[in-house]
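Here are a few exercises to work through with the model open beside you. Try each one before reading its solution.

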Amino acid sequence: MQVLYNQNNMFNQFRNKFPLSDEKWNEYISCFNRIEVPAKTILLEEGEISKKLFIIEKGCIRVWFNNNGKDLTTQFFFENQSVASIESFMKRNPSQVVVETIEASVIWWIHKHELDKILEEIKEIPELRDRLINMLFQRTFDYMKYFVSFIKDSPTQRYLNLIQERPQIVQRVPQHYIASYLGVSTVHLSRIKSKLVQEK
């Protein structure tokens with residue numbers, strides 16, 4: 001009963017976006033499984049084929065890869081956001097990234113074959129299908145913006161963008177992960193922050 005309560009509590013916030021019968025809605029959300037994991041839990045290893053999509057009830061997750069021994073963070077995810085190695089999940093290729101918790105987290109996951117069945121059932125309703133895809137993969141659509149900024153902007157500007165657009169990263173994520181995300185060393189990040197304080 002507690003699992004059912006948690007499930008309803010977690011997914012009810014999305015209920016009004018999907019015009020489904022209660023029976024069908026409950027059938028779909030019953031496909032999700034709830035887990036509680038400590039910080040630094042690896043949810044997906046590099047080279048592993050992604051078979052699960054995660055939705056965060058509580059906590060923080062980062063996606064990163066190893067570049068010649070250097071840890072490079074590409075994305076952070078927080079409450080009510082979905083996470084997966086999308087290319088691996090959709091195309092069944094070995095994942096190029098690691099998915100790891102930063103904080104102790106409560107996570108819901110759905111297996112790919114269950115999600116595929118849901119998408120197959122609602123494919124005749126384009127609006128419903130598109131809403132589901134947008135909800136599940138919303139952060140993936142933001143990745144191109146990050147990629148362009150990484151090429152175009154200076155590290156200082158990227159940090160300012162982070163403060164303005166995603167302040168919870170600055171508030172909740174350890175500095176060495178933020179430095180990894182910005183593509184700088186922790187020493188360089190400290191200099192950026194000191195310079196910005198002096199300029200105020």
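**Exercise 1.** Which side chain does lysine 112 meet in a salt bridge?

Before the solution, some ground rules. This is a predicted model, where local features need pLDDT of at least 70 and side-chain atom pairs count only at pLDDT 80 or more, while totals for chains, interfaces and linings use all residues. Residues are numbered from 1 along each chain as its sequence is written, and side-chain values use heavy atoms, with hydrogens and water left out.

*Solution.* Step one: look for a side-chain nitrogen of Lys or Arg within 4 Å of a carboxyl oxygen of Asp or Glu, which is what a salt bridge means here. For lysine 112 the partner is aspartate 116, at 3.2 Å from N to O.

Helices (H or I, at least four residues) and strands (E, at least two) are DSSP runs, numbered from the N terminus.

Step three: check accessibility. Buried means under 20% relative accessible area, exposed over 50%, and partly exposed in between, with a 1.4 Å probe and protein chains only. Lysine 112 is buried at 9%, whereas aspartate 116 is partly exposed at 30%.

**Exercise 2.** Which residues of helix 4 are buried, and where do they lie, seen down the helix axis?

*Solution.* Start with the list: Lys112, Leu115, Ile118 and Leu119 are the buried ones. Now look down the axis of helix 4: these buried residues fall within an arc of 125 degrees (taken from the directions from the helix axis to the C-beta atoms), so they line one face of the helix.

**Exercise 3.** Work out what the salt bridge between glutamate 103 and arginine 172 ties together.

*Solution.* First, the contact: the closest N and O atoms of glutamate 103 and arginine 172 are 2.7 Å apart. Next, the locations: glutamate 103 is in the loop between strand 7 (98-101) and strand 8, and arginine 172 is in helix 9 (residues 167-172), so the pair ties together parts 69 residues apart in sequence. Arginine 172 is partly exposed, at 26%.

For another example, take arginine 62 and aspartate 71, which form a salt bridge at 2.8 Å, N to O. Here arginine 62 is buried at 2%, and aspartate 71 is partly exposed at 30%. The structure holds 10 salt bridges, and a network of them links Lys24, Glu27 and Glu121.

**Exercise 4.** What is the strand order in the open sheet of four strands?

*Solution.* Two strands pair if DSSP finds at least two bridges between them. Go through the pairs:

- Strand 1 (residues 33-37) pairs with strand 8 in the antiparallel sense over five bridges, and isoleucine 35 has isoleucine 107 as its partner.
- Strand 3 (residues 52-58) is joined to strand 8 by six bridges, again antiparallel; leucine 53 is partnered by isoleucine 110.
- Strand 3 and strand 6 run antiparallel, joined by two bridges, with phenylalanine 54 opposite valine 83.

Put together, the order is 1-8-3-6, with antiparallel pairing. Strand 1 and strand 6 (82-83) are at the edges with a single partner strand each, so one side of each is left without a neighbour in the sheet. As for strand 8 (residues 105-111), six of its seven residues are buried, so the rest of the structure largely encloses it.
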